[in-house]
Amino acid sequence: MNHQHPYHLVDQSPWPIVSSLGVLVSTVGLVLWFNGFGFFVVFLGLVSLFLVVFFWWRDVIRESTFQGNHTSVVGVGLRFGMVFFITSEVLFFFAFFWAFFHSSLAPSIELGVCWPPCGIYPLDPFLIPLLNTAVLLSSGVTITWSHHSIIENNWFSSVQGLFFTILLGLYFTGLQAWEYFDAPFTISDGVYGCTFFVATGFHGLHVIIGTTFLSVCFFRLLFYHFSDSHHFGFEAAAWYWHFVDVVWLFLYISIYWWGS
């Protein structure tokens with residue numbers, strides 16, 4: 001006799017613990033790589049993470065679309081999980097802002113009692129950073145357009161909006177890569193370089209992750225996996241993307257504009 005609780009329709013997944021181990025291996029590998037060895041460990045960790053991403057998405061798509069396991073009760077759990085995840089991401093970036101303001105609001109004598117520190121020539125906030133701000137804000141409009149189109153059962157408009165969002169995400173990543181290539185300072189240039197590249201770099205990583213998330217939703221949209229009342233996979237991606245937009249606004253105002 002099956003004594004499984006009627007709400008527990010989704011099988012237990014091995015991917016959370018496997019992804020945690022992959023992150024641990026990647027982090028240890030990076031530390032070793034910074035000290036002259038450990039490239040193979042980083043490679044092993046990243047490969048495991050890519051495999052986890054593929055198989056985890058495969059299982060979630062299978063459970064939600066083909067097995068019908070994502071009931072309204074499961075959907076509530078997924079929404080709470082996404083809210084808690086984004087909350088943890090907010091705290092993650094809060095640490096970077098704390099580090100930045102700790103040094104910039106009261107620069108120590110080692111920094112020359114000024115901000116930016118002596119010898120640092122910050123990027124012009126009204127060039128690439130301002131363009132990237134416009135790009136991300138525009139992507140927030142297109143993802144909202146796509147979301148409302150799904151709710152209104154307008155398949156073609158939803159595909160259009162999501163396609164343009166992905167293009168804008170790729171454009172943002174390309175602009176940030178060019179900005180890094182052209183920057184007059186590096187991550188090793190004291191506290192300014194460290195806080196700048198770590199904060200904006202992790203944000204850039206989140207843009208790449210969000211673009212990947214949206215790309216999966218785009219192909220699911222092409223195969224009619226979403227309906228007006230059953231599209232939380234897309235909704236979670238939209239929440240994540242809006243979070244990325246908001247974080248960028250704080251980064252632009254504090255680090256690029258005020259911090260320059």
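**Exercise 1.** Determine how α5 and helix α7 (residues 232-258) pack in this predicted model.

*Solution.* Step 1: two packed helices are described by the angle between their axes and the distance between the axes. Step 2: for α5 and α7, the angle is about 35° and the axes lie 13 Å apart. Step 3: the crossing of α5 past α7 is left-handed. Step 4: on the α5 side, the contact comprises Leu162, Thr165, Gly169, Phe172, Gln176 and Glu179, which meet Phe234, Trp241, Trp248 and Tyr256 of α7. Step 5: sorted by class, this contact of α5 with α7 has six nonpolar, three polar and one charged residues.

**Exercise 2.** Classify Thr165 as buried or exposed, and list its contacts.

*Solution.* Step 1: Thr165 belongs to helix α5 (residues 155-182). Step 2: the relative accessible area of Thr165 is 0%. Step 3: buried means under 20%, so Thr165 is buried. Step 4: leaving aside residues up to four places away in sequence, Thr165 touches Ser139, Thr142, Ile143, Leu214 and Trp241.

**Exercise 3.** Compare the span of helix α4 (residues 128-151) with its expected value.

*Solution.* Step 1: α4 has 24 residues, for which 34 Å is expected at 1.5 Å a residue. Step 2: from first C-alpha to last, α4 reaches 35 Å, close to that expectation. Step 3: after α4 comes Asn153, with a positive phi near 60°.

Terms used. Residues are numbered from 1 along each chain as its sequence is written. This is a predicted model: local features need pLDDT of at least 70, side-chain atom pairs count only at pLDDT 80 or more; totals for chains, interfaces and linings use all residues. Side-chain values use heavy atoms; hydrogens and water are left out. Helices (H or I, at least four residues) and strands (E, at least two) are DSSP runs, numbered from the N terminus. Buried means under 20% relative accessible area, exposed over 50%, partly exposed in between (1.4 Å probe, protein chains only). Contact means heavy atoms within 4.5 Å. The expected span of a helix is 1.5 Å times one less than its number of residues. Axes are lines fitted to C-alpha atoms, for helices over the stretch in contact, and angles run from 0 to 180 degrees between N-to-C directions. A crossing is left-handed if the near helix is turned anticlockwise from the far one by less than a right angle, and right-handed if clockwise. Ala, Val, Leu, Ile, Met, Phe, Trp, Tyr, Cys and Pro count as nonpolar, Asp, Glu, Lys and Arg as charged, and the others, Gly among them, as polar.
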